[in-house]
Amino acid sequence: MADETNRRALPATSWAVLGLLSFGEELSGYDLKKWSDRSLTFFYWSPSFSQIYSELKRLEKAGYATSRLVAQETGTRDKRVYRITDEGMEAVRTWAREAPVDPPVLKHGPMLRLWLGHLLEPEQMREVLARHQEFAEQMRLRAVADVEVAKDEAAWAHPALTLKWAERYYASERDLAAAMLEDIEALEAARAAARADAAPRSGG
């Protein structure tokens, strides 16, 4: 039986995988990866297949999930599917209600590169920000598309709200990059003006 010590020892990825199982479906590792790519990836990260299977083993050992083999109609090898246990549901419910909520830790590659902008040519910095704009818009569109998939599933009401948050977040990132491009242009213009003022003037 899982106890309080086991519950405290679970890493965040375990709770994320158990959370995916908490929606009541019997899911394979492939299903869990697909679902995480449509939800977790927008605000946390999407675990790899190896991480998912590792966490599923951990959850089974803790008594929070069970699995069984299901025969495939196509004749391929049997598929293992997983389901949350009552104890697992109680554990993830307790974790969601009582565990401290860690503030987000921002690891922002474009901002780090901007911070080191004095080591780059202006065009390089503009390229970094332009790529970030494109990435943010692609993620925003993915979130919009996944909202459409989730909205018809009653159990996914809150994940759908999270996807709307992701849509707004990436729209903000896109717009912040655009504003920063304008700031860089203004900085370059100010520097050019300062150089012009400092240049020696020829006598008349």
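Is the crossing of H7 and H8 left-handed or right-handed? The crossing is left-handed. The legends below describe close-up views of a predicted model.

**View 1. Helices H7 and H8 cross in a left-handed sense.** The axes of H7 and H8 come within 8 Å. They cross at roughly 165 degrees. Angles over 145 degrees count as roughly antiparallel, and H7 and H8 are therefore roughly antiparallel to each other. H7 covers residues 122-150, and H8 covers residues 157-198.

View 2. Buried residues of H8 include Pro159, Ala160, Leu163 and Ala166. Tyr170, Ala171, Glu173 and Ala177 are also among them, as are Leu181 and Ile184. These buried residues pack against helix H6 (109-115) and against H7.

**View 3. Methionine 125 is a buried residue of helix H7.** Its relative accessible area is 4%. Buried means under 20%, so methionine 125 falls on the buried side. Methionine 125 touches Pro110, Arg113, Leu114, Leu120 and Ile184, leaving aside residues up to four places away in sequence. Ile184 is also one of the buried residues of H8. Leucine 181, another buried residue of H8, is 56 residues from methionine 125 along the chain. The C-alpha atoms of methionine 125 and leucine 181 are separated by 8.6 Å.

**View 4. Helices H2 and H3 meet at roughly 100 degrees.** H2 spans residues 12-21, and H3 spans residues 29-37. Their axes come within 10 Å. Angles of 65 to 115 degrees count as roughly perpendicular, and H2 and H3 are therefore roughly perpendicular to each other. Val17, Leu20 and Leu21 stand on the H2 side of the contact. Leu32, Trp35 and Ser36 stand on the H3 side.

**View 5. Helix H3 has several buried residues.** Gly29, Asp31, Leu32, Lys33, Trp35 and Ser36 are buried. Their cover includes H2, strand E1 (27-28), H4 and E3.

**View 6. Serine 46 sits in the loop between H3 and H4.** Serine 46 counts as buried, at 15% relative accessibility. Its side chain makes a polar contact with the side chain of serine 36, at 2.9 Å. A polar contact with the side chain of aspartate 37 is also made, at 2.4 Å. Serine 46 touches Lys33, Ser36, Asp37 and Thr41, not counting residues up to four places away in sequence. Lys33 and Ser36 are among the buried residues of H3.

**View 7. Tyrosine 53 lies in helix H4 (residues 49-62).** Tyrosine 53 is partly exposed, with a relative accessible area of 36%. It touches Gly29, Tyr30 and Tyr82, with residues up to four places away in sequence left out. Of these, Gly29 is one of the buried residues of H3. Tryptophan 156 is 103 residues from tyrosine 53 in sequence. In space the two are 23 Å apart, C-alpha to C-alpha.

**View 8. Threonine 85 lies in the loop between strand E3 (79-84) and helix H5 (86-98).** Threonine 85 is buried, with a relative accessible area of 15%. A polar atom of its side chain lies 2.8 Å from the backbone oxygen of glycine 63. Threonine 85 touches Gly63, Tyr64, Ala65 and Thr66, not counting residues up to four places away in sequence.

Note on methods:
Residues numbered from 1 in each chain as written. Predicted model: local features only at pLDDT ≥ 70, side-chain atom pairs only at ≥ 80, totals over all residues. Heavy atoms only, no water. Helix = DSSP H or I, 4+ residues; strand = E, 2+ residues; numbered from the N terminus. Buried < 20%, exposed > 50% of the residue type's maximum accessible area, 1.4 Å probe, protein only. Polar contact = N/O pair within 3.5 Å; in protein donor to acceptor, adjacent residues only side chain to side chain. Contact = heavy atoms within 4.5 Å. Expected span 1.5 Å × (residues − 1). Axes fitted to C-alpha atoms, helices over the stretch in contact; angles between N-to-C directions. Parallel < 35°, antiparallel > 145°, perpendicular 65-115°, else oblique. Left-handed = near helix turned anticlockwise from the far one by under 90°.
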